[in-house]
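Subject: The model, and some notes on it

Hi,

Here is the structure I promised to pass on. My notes follow below it, so please keep it open while you read.

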Amino acid sequence: MDLIKVILAEGDSWTAGDILDPEIQEDLKGNVNSILNDDYRLPRVWPFKLACKLGKKVVNNAVAGSSNDGIVRRTIDGTLELLKTYDASEIYVIIGLTSPERKDFYHKKDNDYGWDVLYPLDSAELTEERKLFKRVYSSIYWNKEEYISRYLQSVFLLHQFLQCHGIHHTFFNAFYQDSDGSFGLDLHKSIERLQAKSSESYLRHLKLNNLIDRYKYIVRDFFALTSFKSYIDKFGKDVYDGLHPNEEGHEVWAEYLYQYFTKKATKSLHDMINLARLDKPTEAILDHYKDIPEIKYVDQRGFEMIRPLFSHTNINGTMKIWPQALDEHKEGDSFMYCVMLHHDEALCGRQLRKLPLHVIKGLKNDTCKLVLDGSLEGKPAYKFFEEIYVRTTNMELNRKNIFYVTNNLYAEEQHEEFKSNNLHYTDFINVISYMYNVGDIQRLKDPTSCLYSEAHLPEYIDIEEEIEFKKENLDRVKYFLKVNRTGRPERNLFMLFVNARDLYDKFKISFPDYANEEFDEWTRDNFAHLINEDNINDLKAKTPFDIDESDKTNHGAPGTEPGTFNADLPFHPKHYRDTFISIVFCAFPFDNACHLHSSTFNPMYCGHAILQFGPKGSLAELRRRGFKTFSQWWDESYDDIDSDWGRFDALCQIVLELSLRSKEQMLEMYIEMKDTLQYNSDLIYNYDIHNNLTNKIMYNDRDTSATI
């Protein structure tokens, strides 16, 4: 951006501002776009604020109430006007696109003429003649195929026009209001969903398939990572004046764009340490950790495992931060360094000295952001905090540039508790509780991510289709799906429960073997009807329970190839269609942590209700993060039971009660759940990875003193 002299901003009211000068409010009569309002309005909106931060001139041609049609016209005209004064390399165009449903029509009759922006959900005043036209237009021509096609064409035209003139440009979506008035959907995802739901022949008829593919490329390289609305929503009502951002909202967005433009060129540095494989460390890596015997351990099935403390993660790719080799890095340049953590995270905190010297130096001189990726784990964080705070103090490291990402959804609260109990610390690491397995569903939808044909998750779930499938195949649909592969005490005990009650006709099951569990005395006494030699031997004789071909070849030593055991191997999604409810066992149900992984989110994405055994409050945590649970259909108060095994027993009782119902009753219940199931699936589909992860690490700094 060094050569840029002027920013051209375009958009609707989220760029023009919906801010009236109170001194002349009566004279303006609600006309935000009046030239009389410019001196008051324009300095209070994001283009002016961003230009001040960057030290650039700004031309804000946005018009409140505009459609994308108007944005295209004004951008082309405004750019050509600026090219009369500036070289193309001196112009930067930033466009806040509006909802695609709006459409322009030029009216001209007698002395009345101008552009009408028609939007069926809008209540703008029109003449009777034009109102009639709007009603006819809305009933016949207002449909997703029309306005999405026009939106895609607008983005493509603007991109090609600006690119052919050699002008740098960035797009963002101001907001997206769907045809039902909802603001909760992501426009990019809505376009992907249209593509997924439409047949190839229908897309050819619309001439859209190639255009959507091109649009995805433009989104990848020329769109800001998040929409204006979705970014500022997390700041609450204080940044809004009704439906529009107030001056504070514009300040927040200007600061985000400032951080984005100044930091998006940051590279993620790669070297031997963070390129190490988690499952197959090289001799050089083993030599690096030779003084740390704890990296060798025996897993739950008796196999020896060796895992490096720090290994490769693709979290930088998820955040669109591109890699750079160490030998290409220039001394003094800012960089990011990302590592996957060993499952003993406290050990990682205690052994920070094993990070490369250039990372330690970067944390001392404020040029490195260190991302400690614990998103595959979710254990309580207290010991990790104790260790990393002691080590960063001893090593004199800058804690504000350390980001700990974890799948323990209680970790942020635990960090606040740690800080309140350790008041001698005055600067802190950053803790991000991140639903990794919600974001990972995007990867699992990719056919290349799966070893087995058709094992990838569907692009989109329509619960109506799931209902029709279950109706047509009710004779073979089972009540429950139980798919945790890794043996643990609670999972083994549940299988003993299924075996003792002979509930196999109600279940589809994946269960490789029964490990000889050493249950404590209380558990043996209270579940004596399950934990007895006859029941255990009977269950062992029936194992393994292989749910499909992927299970049959998934036995043996740990690994990711056929013939080895991969606990995270995706299941074929047909099993969700063939069942009603998933029985979910969280990773650490007895710990003061909340690690919700694929066994929770994959079923919900695929249209399942869940019965979940997790730590106390795990269902409440799901609701806190926007999901709907199933208390309307069974008693979820078990989530509040203090006793871990008490929660387990309550879940088993619900399974028993449901197993007594007929298949017709199960189908009727599933149909009643339709709206809840679709809501949860859509919530996962629209999960904003960048707002929940990237922006917190890369673009939430509030240091406005930096310069380009």
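In helix α16 (residues 357-364), the buried residues are Val 359, Ile 360, Gly 362 and Leu 363; buried here means under 20% relative accessible area, exposed over 50%, and partly exposed in between, with a 1.4 Å probe and protein chains only. These four cover an arc of only 160 degrees around the axis, which puts them on the same side of α16; the arc is taken from the directions from the helix axis to the C-beta atoms. They pack against β14 (335-341), β15 (368-374) and β16 (402-406), where contact means heavy atoms within 4.5 Å. Just after α16, Asp 366 has a positive phi of about 70 degrees.

A word on conventions. This is a predicted model, in which local features need pLDDT of at least 70, side-chain atom pairs count only at pLDDT 80 or more, and totals for chains, interfaces and linings use all residues. Residues are numbered from 1 along each chain as its sequence is written, and side-chain values use heavy atoms, with hydrogens and water left out. Helices (H or I, at least four residues) and strands (E, at least two) are DSSP runs numbered from the N terminus.

Next, β20. Strand β20 (residues 579-585) has 7 of its 7 residues buried, so it is largely enclosed by the rest of the structure. Strand β18 (residues 478-482) runs parallel to β20 and is joined to it by 4 bridges; two strands pair if DSSP finds at least two bridges between them. In this pairing, Phe 480 stands opposite Ile 581 of β20. Strand β21 (residues 609-613) is also parallel to β20, with 5 bridges joining them, and there Ser 582 has Ile 610 as its bridge partner. Together with helix α27 (residues 598-605), β20 and β21 make a right-handed β-α-β unit. Right-handed means that, with the strands pointing away from the viewer, the path from the first strand over the helix to the second runs clockwise.

There is also an open sheet of 4 strands, with parallel pairing and the order β2-β1-β3-β6. β2 (57-60) and β6 (168-173) stand at its edges with a single partner strand each, so one side of each is left without a neighbour in the sheet. On average, neighbouring strands of this sheet are turned by 20 degrees against each other, direction ignored. Inside it, strand β1 (residues 6-11) pairs with strand β3 (residues 91-97) over 6 bridges, and Ile 7 has Tyr 92 in β3 as its bridge partner. Helix α7 (residues 144-164) lies across β3 and β6 and runs at about 160 degrees to β6. For these angles, axes are lines fitted to C-alpha atoms, for helices over the stretch in contact, and values run from 0 to 180 degrees between N-to-C directions.

Do look at Asp 12, in the loop between β1 and α1 (13-16). Asp 12 is buried, at 0% relative accessible area. Beyond its neighbours within four places in sequence, its contacts include Gly 17, Ala 62, Gly 96, Arg 102 and Phe 175.

Finally, how many disulfides does a search of the whole structure find? The count is 0, a disulfide being a pair of cysteine sulfur atoms within 2.5 Å. The sulfur of Cys 594 is 6.2 Å from the closest cysteine sulfur, in Cys 586, too far for a bond.

Best wishes
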